[in-house]
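Please open the model in your viewer and keep the sequence panel beside it. The tour goes stop by stop, with something to select each time.

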Amino acid sequence: MPLVSVILPSYNHQQYIEETLQSIWAQSYPDIEIVVVDDCSTDLTYSILQKLQCKSPFPMKVYQNKQNLGPAKSINKALHLCSGDFFTPFASDDLFMPHRYEKQIQMFQENQSLRIVYGNGYAFDGTDILFKLHEKDVVRLFSKEPAEVLTYLYTHVSRFTLQTALIKRDFVVSIGGWDEGGFADDWVLNIKMFQRFHDKSCYGYVDEDLVHYRIHGSNIHKNFERQKKLLLEVIKKYTPLELQKMAKSNIFWDIGVTALAKEGLWDGIKWLSLSQWIRPDIQKVFCLFCKAAARFLKAIRRFKKKV
């Protein structure tokens, strides 16, 4: 059976790293190796990794950078240190579901043109399930032609979660791996991959929950100006000029709606206002108003029932 490399860039996850590794160790697929690159953690993450290395039922390599390099450079380093035909990039605070690889491996064996097979999963806060990683509108994209998917990726922040995926290692190496310029990591790699795909046979999707993605305070981007700067850099470098105005408007709008859903009222208003200043869209504003009104009416009804 082909070897699968699980690559983990780790940084200051002492409270999560053992649970993450145990979820990988519990896999039913037998041919796995684990490659961890610690990015100069300032907590006990690296020493915990060293202790856990000898307990691993799978071959496990642990490295530490001499200086903090950031996630993109660390994951590229792990990509070149691993040996698998296939790999999964994974965070050192998230969880695998058991039996996550069987169907993905089967799809690769049945279709030699495949370069990546995505799956699904849930975001959680440590105890409660929050939302699906790939909702129905995203899943529909996996059945579209690559040119249509690429246009979507040029004009929206990618919602294709690579931690759900199994990927051919030599393919990602051939396109240069992750962009190390400080850009939004998974979004850019998805763009680079779909720029190379010639038809739908290059990518697939398994409609199963394969991972749990942990949401906590340290992995949520809260700096408005910094986030805006990074997003604009991605658009400038990768999005065709004729689509850049649409990209800025769509991306800032989506972030604003997400911020409102998370009760980040002022952040949400800033992003939504910026979106409409770039490219006014009355229909979007009206739809958002209708959704807000519906949620408000539901809240009123719940309140009345309690009273």
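Which residues in α6 are buried? Select Pro146, Val149, Leu150, Tyr152, Leu153, Tyr154 and Thr155: these residues of α6 are buried. Buried means under 20% relative accessible area, exposed means over 50%, and partly exposed lies in between, with a 1.4 Å probe and protein chains only. Seven of the 10 residues of α6 are buried, so α6 is largely enclosed by the rest of the structure. Helices (H or I, at least four residues) and strands (E, at least two) are DSSP runs, numbered from the N terminus.

Some ground rules before the next stop. This is a predicted model, where local features need pLDDT of at least 70, side-chain atom pairs count only at pLDDT 80 or more, and totals for chains, interfaces and linings use all residues. Residues are numbered from 1 along each chain as its sequence is written, and side-chain values use heavy atoms, leaving out hydrogens and water.

**Stop: Gln163**

Select Gln163, in the loop between α6 (146-155) and β8 (166-168). Gln163 is buried, with a relative accessible area of 13%. Now show the side chain of Asp94. The side chains of Gln163 and Asp94 make a polar contact at 2.4 Å. A polar contact is a pair of N or O atoms within 3.5 Å; within protein, one must be able to donate a hydrogen and the other to accept it, and residues adjacent in sequence count only if both atoms are side-chain atoms. Leaving aside neighbours within four places in sequence, Gln163 is in contact (heavy atoms within 4.5 Å) with residues including Thr88, Phe90, Arg100 and Tyr213.

Arg100 lies over the face of Phe96, at 4.7 Å from the ring centre. The test for a charge over a ring is NZ of Lys or CZ of Arg within 6 Å of the ring centre and within 35 degrees of the ring normal.

Follow Phe96 across to β9, where its bridge partner is Val211. Two bridges join β5 (residues 95-96) to β9 (residues 203-214), and these strands run antiparallel. Strands pair if DSSP finds at least two bridges between them. Next, select β6 (residues 116-124), which pairs with β9 in the parallel sense over eight bridges. Phe124 stands opposite Arg214 in β9.

**Stop: the aromatic rings**

Show Phe, Tyr and Trp. The structure holds 14 aromatic pairs. Rings (for Trp, the six-membered one) pair if their centres lie within 6.5 Å; planes under 30 degrees apart count as stacked, over 60 as edge-to-face and the rest as tilted.

Zoom to Phe86 and Phe108. This pair is tilted, at 4.4 Å centre to centre and 45 degrees between the planes. Phe86 lies in β4 (residues 86-89) and Phe108 in α4 (residues 102-110), so the pair ties together parts that are 22 residues apart in sequence. Phe86 is buried at 9% relative accessibility, and Phe108 is buried at 5%.

Move to Phe171 and Phe197. Their ring centres are 5.5 Å apart and their planes at 20 degrees, so the pair is stacked. Phe171 sits in α7 (residues 169-174) and Phe197 in the loop between α8 (185-196) and β9, 26 residues apart. Both rings belong to a cluster linked by ring pairs, whose members include Tyr118, Phe142 and Tyr205.

**Last stop: Leu79**

Select Leu79 in α3 (residues 71-81). Is Leu79 buried or exposed? Leu79 counts as buried, at 0% relative accessibility. Beyond residues up to four places away in sequence, Leu79 touches Ile7, Phe87, Arg169, Val172, Val173, Gly177 and Trp178.
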